[in-house]
Amino acid sequence: MEINEDVNSSFSTRDTCSCSTDNRPVKVWCDGCYDMVHYGHANQIRQAKLMGDYLIVGVHCDEEVRKHKGPPVFTDAERYRMVRAIKWVDEVVENAPYITTVETLDRYNCDFSVHGDDITLSADGRDTYQEVKDRGRYRECQRTRGISTTDVVGRMLLMTKSHHHPSESTPCLSSVLGDAPPVSPYTGGAEFLTTSKRIVQFSSARDPRPDDRIVYTAGPFDLFHVGHVDFLKAAAALGDYIIVGLHHDDVVNGYLSANYPIMNLHERTLSVLACKYVAEVVIGAPYRITADLLDGLKVNVVVAASTDDFHGDPYEEPRRRGCLVTIDTGDHLTTGDIVERIIVNRLEFETRNRKKESKELRLLQLLANQRKAKDNQSELPL
């Protein structure tokens, strides 16, 4: 089990890691594929923002991702929109190069680049951050253990429900592939534990003001995606303070069946809290929106999606009060659509994930051999 800490202590505050000495704002760069954006991505971005004043996030295009990593689940246009919706992002650079260079940092006036303490390799096996590391323009934050795009894809292919219960061991992706090779520590293994500290880190610091118009919506918000972002943006436009209710895993599984939700309640909580349109989350919200909930949260407007297909009528009370608004954003992407993309392209994603793990394991073995050789050299008599 892994209990996650914050940014590495040597770079834990803006003051200790600033490269700027002329009192100008410190600009930070981070980049990535950001495919199937999850709370691990959001946590990396949050940590990067702590290191400066202005955060620029570069997102790779489909062609670059396919060349160096394999087929993305989401298109680059979808990934650009997802990253722009993360609350700590100040600016997004589309079509960012896969290899991070000093030239890129200088072009956007960034002091340094930030990445997690895992390995990112190019198609030919090179460290994509080696140049900025060599030039002292690199900072490191801690990767969020227990979550990766590879892991999420594996959950969809495995069709199990063990991720609903963190105490149970979730099978690794190699189970899907029919063999059991060594597993890279960057793509599987550790279990993520949601702590109160992590929830506070992701939460909004603002309480609703007395005159705020409070908007409430509820649902699973599973595999948080651009359809959710568009819906929450439209909902936020109806008021000043938006609260999202998240249903318990067992409740979601009751009306969606199969192995839904793909992300458990605590994971979904962090993903939704990372969205800039969301002020607060009700963890384990009741399926039926009750009078007590509306009165307790002082809700003025309840928002439903035109695509909602719940059993029964969870909106009976807000409908009776005349405060229910139905929104159709025109983006009808669903969690089921994402799962379908994975299933249809299963062989491609399995191959991608196997290659990714293989590259990581080869590099880890090389680094281990180098450390061993260095230790042996130091033990030789003078």
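Two strands count as paired here if DSSP finds at least two bridges between them. With that in hand, I'll start with strand β2, residues 54–59, and strand β3: four bridges join them, and the two run parallel. One of the contacts to look for pairs Val 59 with Glu 94, its bridge partner in β3. Before going on, please keep in mind that this is a predicted model.

Now the sheet around that pair. β2 and β3 belong to an open sheet of five strands, and its order is β3-β2-β1-β4-β5, with parallel pairing. Which strands stand at the edges? They are β3 and β5, the latter covering 138–141; each has a single partner strand, so one side of each has no neighbour in the sheet. From one strand to the next, the twist averages 30°. Helix α2, residues 39–50, packs on this sheet and touches β1, β2, β4 and β5. The direction of α2 makes about 145° with that of β2.

Back to Glu 94 for a moment. Its side chain meets that of Arg 84 in a salt bridge, at 3.1 Å from N to O. This pair links distant parts of the chain, 10 residues apart: Arg 84 lies in helix α4 and Glu 94 in strand β3. In total, the structure holds 18 salt bridges.

That brings us to α4 itself, residues 76–84. How does α4 cross helix α10, residues 226–236? The two axes come within 9 Å and cross at roughly 45°. The helices are therefore oblique to each other, and their crossing is left-handed. On the α4 side the contact involves Glu 78, Arg 81 and Met 82, while α10 brings Val 226, Val 229 and Asp 230. Sorted by type, the residues of this contact are three nonpolar, three charged and no polar.

Last, the other sheet I want to show. It is also open and has five strands, in the order β8-β7-β6-β9-β10, with parallel pairing. The edge strands are β8, at 280–283, and β10, at 324–327; each has a single partner strand, so one side of each is left without a neighbour in the sheet. Neighbouring strands here are turned by 25° against each other on average, if direction is ignored. Within this sheet, β6, residues 214–219, and β7, residues 241–246, run parallel and are joined by six bridges. Which residue in β7 is the bridge partner of Tyr 216? That partner is Ile 243.

Key: Residues numbered from 1 in each chain as written. Predicted model: local features only at pLDDT ≥ 70, side-chain atom pairs only at ≥ 80, totals over all residues. Heavy atoms only, no water. Axes fitted to C-alpha atoms, helices over the stretch in contact; angles between N-to-C directions. Parallel < 35°, antiparallel > 145°, perpendicular 65-115°, else oblique. Left-handed = near helix turned anticlockwise from the far one by under 90°. Contact = heavy atoms within 4.5 Å. Nonpolar A, V, L, I, M, F, W, Y, C, P; charged D, E, K, R; others polar. Salt bridge = Lys/Arg side-chain N within 4 Å of Asp/Glu carboxyl O.
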